[in-house]
Amino acid sequence: MLLGRVAGTLVASRKEETLEGLKFLVLKQVDVDGGDTGGYVVAADAVGAGLGEVVLYATGSSARQTRYTHERPCDAVVMAIVDTWEVGGEEKYRK
Amino acid sequence: MLLGRVAGTLVASRKEETLEGLKFLVLKQVDVDGGDTGGYVVAADAVGAGLGEVVLYATGSSARQTRYTHERPCDAVVMAIVDTWEVGGEEKYRK
Amino acid sequence: MLLGRVAGTLVASRKEETLEGLKFLVLKQVDVDGGDTGGYVVAADAVGAGLGEVVLYATGSSARQTRYTHERPCDAVVMAIVDTWEVGGEEKYRK
Amino acid sequence: MLLGRVAGTLVASRKEETLEGLKFLVLKQVDVDGGDTGGYVVAADAVGAGLGEVVLYATGSSARQTRYTHERPCDAVVMAIVDTWEVGGEEKYRK
Amino acid sequence: MLLGRVAGTLVASRKEETLEGLKFLVLKQVDVDGGDTGGYVVAADAVGAGLGEVVLYATGSSARQTRYTHERPCDAVVMAIVDTWEVGGEEKYRK
């Protein structure tokens, strides 16, 4: 999994019908120190994440292992909201 | 998922027989601010996207979770046409 | 899918037994304008592509969705021979 | 698989319910000579790895082939703790 | 698939139990002309490859389509030992 910050939302009214009701979040990728990598991904939200929160997202077939994304054409899902992480004994982020 | 702009189409008359009838779109990848990344992908069209539209595409096994691509050798699918997205409270695109 | 040009062939007599009879093509990756990206991939041939032809190839589990590659340890397959594609109304390639 | 060094841990109390009980490790990616690549990944721990240990991790659907990660939205798992590896007859690391 | 040269071996005594008996090879990635790309991967050996040999390896779920790796948390497998390949009519390697 990688870290992302919820930067915004995306609306798509015309889509594969199985995607109806899914919320799409725009995530900016976060590096191991909490900084911005410049990358992004659009992910389905399985946990009710809010703007500005740091989240974990899973990609590929693993993104379909939630109730919301099962058997849907979705390759990225927010599956956890991060409380804190530390690297080398140093706390890098706290919610 | 990532964002792409429908830049063109591709024709391939000789192909795996299960791909018959599938429409291939040439997508130019779009960054989080709506600009061009320089990358591209050829994706099957599951939603009837038109030239110039910004779309969401899914890759890998998730690209096979549509009626058009099920059990076919296809690793990228356009599964939504984007209406709008915003980042940091700023609208980056409106159809 | 991505575009590749059939640049050569590869022979491997000692291999997983399920791969017996599969033809391996060396593909040079092609960019959206038809140029060389510098990248390559070795792909199984599901369509009888010839040297110099531009093809579409699929990767990952999607590469196993052909009669030739089903349940085989193969992660890239040529699934279409390209006739033509266009970008922004300009034809980039014609076979 | 790639090599990583266990650099820290991550806590996420709000998550997909099937992830309950899974331990998340922050891995710094290691190159073939044992150095730091600058990359990272957050992986589930299937082997009880400790801080500072060098591990092997698997990604994608392969990350779900353990008792801890089966059918869960998890795309990276630590599946082995490395004792030693050598390249060109030279030992690069010993635990 | 991509090309790799068998550069060494890796030992991991503590691992997911289903990995017992699997041999891990350290592969240095090889470019289309036979040179070194600088990249590496650790792959399971399904064909008995020896040090210095050039091999083909498959990644992702395709890496689990061998008798040795079936349903195991393994995302890269050596599935063929290369005899020779050619590009543009020029032989790039012969075993």
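**Chain pairs in the predicted model**

User: Which residue in E7(C) is the bridge partner of Gly8(B)?

Analyst: Val87(C) is the bridge partner of Gly8(B) in E7(C). This is a predicted model: local features need pLDDT of at least 70, side-chain atom pairs count only at pLDDT 80 or more, and totals for chains, interfaces and linings use all residues. Residues are numbered from 1 along each chain as its sequence is written, chains are lettered from A and ligands numbered from 1 in the order in which they are written, and side-chain values use heavy atoms, with hydrogens and water left out.

User: What makes strand E1 of chain B and E7(C) a pair?

Analyst: The bridge count. Strands (DSSP runs of at least two residues, numbered from the N terminus) pair if DSSP finds at least two bridges between them. Strand E1 (residues 2-11) of chain B and E7(C) are joined by 4 bridges, so they qualify. The two run antiparallel.

User: How do you know which residues belong to the contact of chain C and chain B?

Analyst: By distance: contact means heavy atoms within 4.5 Å. Chain C gives 28 residues and chain B gives 28 residues. By contrast, no contact joins chain C and chain D; their closest C-alpha atoms lie 10 Å apart. Chain B and chain E also have no contact, with closest C-alpha atoms 10 Å apart.

User: How much area do chain C and chain B bury, and how many salt bridges and polar contacts join them?

Analyst: They bury about 2,200 Å² between them, 54% of it on carbon and sulfur atoms. Buried area is the accessible area (1.4 Å probe) lost on joining two parts, summed over both. The salt-bridge count (Lys or Arg side-chain nitrogen within 4 Å of an Asp or Glu carboxyl oxygen) is 0. For polar contacts (N or O atoms within 3.5 Å, one able to donate a hydrogen and the other to accept it; sequence neighbours count only through side-chain atoms on both sides), the count is 17 residue pairs, both at pLDDT 80 or more. On chain C, strand E1 (2-11), strand E5 (54-59), strand E6 (76-81) and strand E7 (84-87) each give two or more residues to the side touching chain B. That side has 16 nonpolar, 8 polar and 4 charged residues, with Gly among the polar.

User: What makes up the interface of chain D and chain A?

Analyst: Here 28 residues of chain D contact 28 residues of chain A. The pair buries about 2,200 Å², 54% of it on carbon and sulfur atoms. Arg14(D), Tyr40(D) and Asp75(D) supply 29% of the area chain D buries, more than any other three residues. Salt bridges number 0. Polar contacts come to 17 residue pairs. Strand E1 (2-11), strand E2 (14-15), strand E3 (24-30) and strand E4 (36-45) of chain D each supply at least two residues of its side. That side divides into 15 nonpolar, 5 polar and 8 charged.

User: Why do chain D and chain A count as meeting through different surfaces?

Analyst: Only 4% of the interface residues of chain D are also interface residues in chain A, so the copies meet through different surfaces.
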